[in-house]
Amino acid sequence: MIMAVAISGAEQIDWEQGLVQRARRGDTHAFERLYREHVGRVYGLCLRLTRDPAHAEDCAQETFINAWRALERFETRSSISTWLHRIAVNVVLAKRRRFTPKTESLSDADEPAEFGWTLDTPVEVGEIETAIAGLPEGARDVLVLSGIYGYSHLETAAMLGVAEGTCKAQLHRARKLLRDRLNVEIG
Amino acid sequence: MTRTHSTVVAAVLASAAAIAHGAEGSFEQRVAANAAGVVEISNVAGSVQIAGWDRAEVEVKARYDADVDRVEVTSNGGRTRIRVVVPRGRNSRSDADLRIRVPRASGLEVSTVSANVTARDVTGEQRVKTVSGNVKSEFAAHDVEVKTVSGDLWVRGKSEPASVRLSTVSGNVRLDRGAGEVDAVTVSGNLDLDVSPARSVRVRTTSGGLEFRGKLARGASFDAETISGDLSVRAPAEDGIEFEISSFSGDIDNCFNLTAERTSRHGPGHRLSGKRGDGSAKIRMRTMSGSVDLCDR
Amino acid sequence: MGSNDSNQQHGTATSLRELARSVTPPRDLWPDIEARLAQERAAVGGARRFGSLRPSRGQWAAVAAAVASLAIGVWLGRSTLPTAVPVSAGNTATATVAQGEPAALQAAYVSDPRYLQQRATMIRSLEAQLKALPQQTQAQVGASLATIRKSMQDIQSALGRDPGNALLQELLVNTYQDEMRVLTAVHEASDAGEEI
């Protein structure tokens with residue numbers, strides 16, 4: 001049954017939480033609003049992880065369908081964007097496990113500090129994207145989540161299902177490869 | 001209060017609300033209510049007037065016709081129910097006029113056949129449904145849904161973001177001071193919508209017309225479709241608009257000095273598409289034979 | 001957080017954080033998602049409806065799935081239908097104009113048997129349900145349904161001449177959905193009259 005929500009005059013209306021509540025009751029129009037709000041970020045993440053627009057479309061669709069199924073489990077105090085990204089990463093990894101055996105491994109590396117991912121010289125955006133797309137999978141995954149989408153080591157490791165140390169090592173590797181490909185220093 | 005005790009209290013209140021058959025009359029009852037509970041109201045004919053107040057109580061005043069069986073008021077577990085009971089088959093003199101005051105943060109669930117509904121100063125979710133009754137609601141809620149078959153809807157917001165869903169078959173719809181998300185659909189009624197800022201607007205009519213005025217927020221989406229009604233949209237947008245208008249045989253007008261292009265060399269069909277400014281807000285409109293007029297100022 | 005769409009991103013960057021986080025997909029993914037959701041909802045017994053105590057969840061699920069299937073059918077049909085062919089003397093690819101309601105449905109892009117069955121059931125119940133409504137409402141609903149049916153005929157007639165017209169196909173699907181919405185509203189309203 002519909003539950004009333006107490007709204008005080010000073011309280012800001014939480015848009016998306018309202019949409020989630022309606023979607024939980026089966027309102028697909030509300031879910032569509034969530035889709036329209038977040039599809040860009042979801043597709044952007046899928047595209048960078050899969051490097052293929054068709055796969056990225058599949059990934060984005062599966063993400064929203066899985067999100068619909070998991071609405072009951074969504075904790076309303078969390079960020080919907082982060083939640084959708086977690087689902088998207090799971091979709092990408094599941095498809096990869098199905099089709100690509102894991103072959104890369106990392107030797108132990110010193111744990112680097114968090115990066116700001118600033119370049120000492122401006123570089124063409126297209127060149128940066130190409131360089132990122134050319135990174136090995138593990139390094140690319142952590143760089144996209146951490147460097148572009150701003151997730152912490154801990155969050156990135158949790159999304160990818162790897163140890164935090166592995167995540168940091170991959171970031172270190174990504175930074176080195178990117179530096180070599182773009183011929184810039186990365187701080 | 002234990003559950004058994006509260007059930008007994010509710011039953012006592014219900015019996016206190018019973019009315020003798022066969023006589024016109026009036027009725028008044030006040031019950032304690034959850035400050036943010038749900039008030040459920042059902043009436044057949046007559047009127048329902050709802051106002052919010054600052055007490056944790058629901059007050060019901062009713063005047064009713066001879067064929068009204070009773071007015072039931074029960075309150076249990078955060079839900080207060082007010083129900084006008086009319087025996088089946090005896091509808092000729094079954095009007096009941098209800099004046100109801102509810103805690104301001106209450107959610108409302110209202111259902112009538114031909115009774116008109118008015119609501120004001122209530123901030124909880126509103127769900128109002130009538131068959132032919134008209135609905136007039138001044139809402140401060142963030143979630144409002146009003147449905148009617150043939151009644152007219154007049155809904156007024158406070159220019160604060162909300163999700164508003166309005167649906168009629170043949171009634172007219174008017175929304176003033178809306179903001180946020182609006183979903184409005186009718187078959188043959190007319191739609192008059194004022195939404196600023198609008199984040200999402202979906203409109204559908206078969207033969208009814210649409211007049212829309214409102215500022216589109218960054219990244220907003222506006223989708224309108226009609227078969228034969230006329231669409232008039234005045235939608236300025238700070239970050240510009242990207243638009244696509246498709247028409248089979250209706251005219252496409254605009255204030256951009258653009259001419260619609262034909263979509264078929266041999267048959268009818270026109271399309272007008274373009275971008276103004278950053279094109280952040282997306283506008284899409286479709287019609288078979290109605291006219292479309294779009295302007296961003 | 002930056003939210004520029006990478007479809008529009010040009011120039012240089014001095015930080016990865018400047019790269020666009022949002023990328024618009026090349027096509028709208030929602031229609032496919034919506035269709036899958038409708039199928040899933042039908043599989044689990046349908047969505048709850050506001051205020052409805054009487055209509056069965058199974059019935060709602062069937063309606064939702066049927067209309068979704070109709071939408072899918074038309075969407076798929078768009079990609080396989082021939083492009084518009086000019087009607088001229090000697091051209092044998094002439095329109096299949098609706099001859100009567102069942103024939104119209106067959107000739108149009110409706111092929112889902114669940115939808116056809118559900119629609120037929122609701123139309124058979126319509127007359128009895130309308131009688132439960134106020135007189136004026138009965139007349140207005142009748143007029144609205146007539147408006148919808150006329151629209152269907154007009155669109156189908158135009159589609160007969162231009163079968164590949166995507167706009168007309170979309171309008172037709174939505175008009176069937178409008179009809180279903182009205183039939184459902186009458187069903188709900190007649191129940192409301194009985195309940196209250």
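**A buried arginine, an interface and a helix pair**

B:R165 counts as buried because 21 C-beta neighbours lie inside 10 Å (buried means 20 or more other C-beta atoms within 10 Å of a residue's own, exposed 12 or fewer, partly exposed in between, with C-beta atoms placed from the backbone). This is a predicted model, in which local features need pLDDT of at least 70 and side-chain atom pairs count only at pLDDT 80 or more, while totals for chains, interfaces and linings use all residues. Residues are numbered from 1 along each chain as its sequence is written, and chains are lettered from A and ligands numbered from 1 in the order in which they are written.

B:R165 sits in strand 14 (residues 162-167) of chain B; helices (H or I, at least four residues) and strands (E, at least two) are DSSP runs, numbered from the N terminus. Leaving aside residues up to four places away in sequence, B:R165 touches B:E145 and B:D183, where contact means C-beta atoms, placed from the backbone, within 7 Å. B:D183 is 18 residues away along the chain, yet its C-alpha atom is 4.7 Å from that of B:R165.

Next, look at where chains B and C meet: 35 residues from chain C and 32 residues from chain B take part in the contact. On the chain C side, helix 5 (135-161) and helix 6 (166-195) each supply at least two residues.

Finally, turn to chain A, where helix 6 (residues 137-148) and helix 8 (residues 164-182) pack at about 95 degrees with axes 8 Å apart (axes are lines fitted to C-alpha atoms, for helices over the stretch in contact, and angles run from 0 to 180 degrees between N-to-C directions).

Conventions. Two residues are in contact if their C-beta atoms, placed from the backbone, lie within 7 Å.
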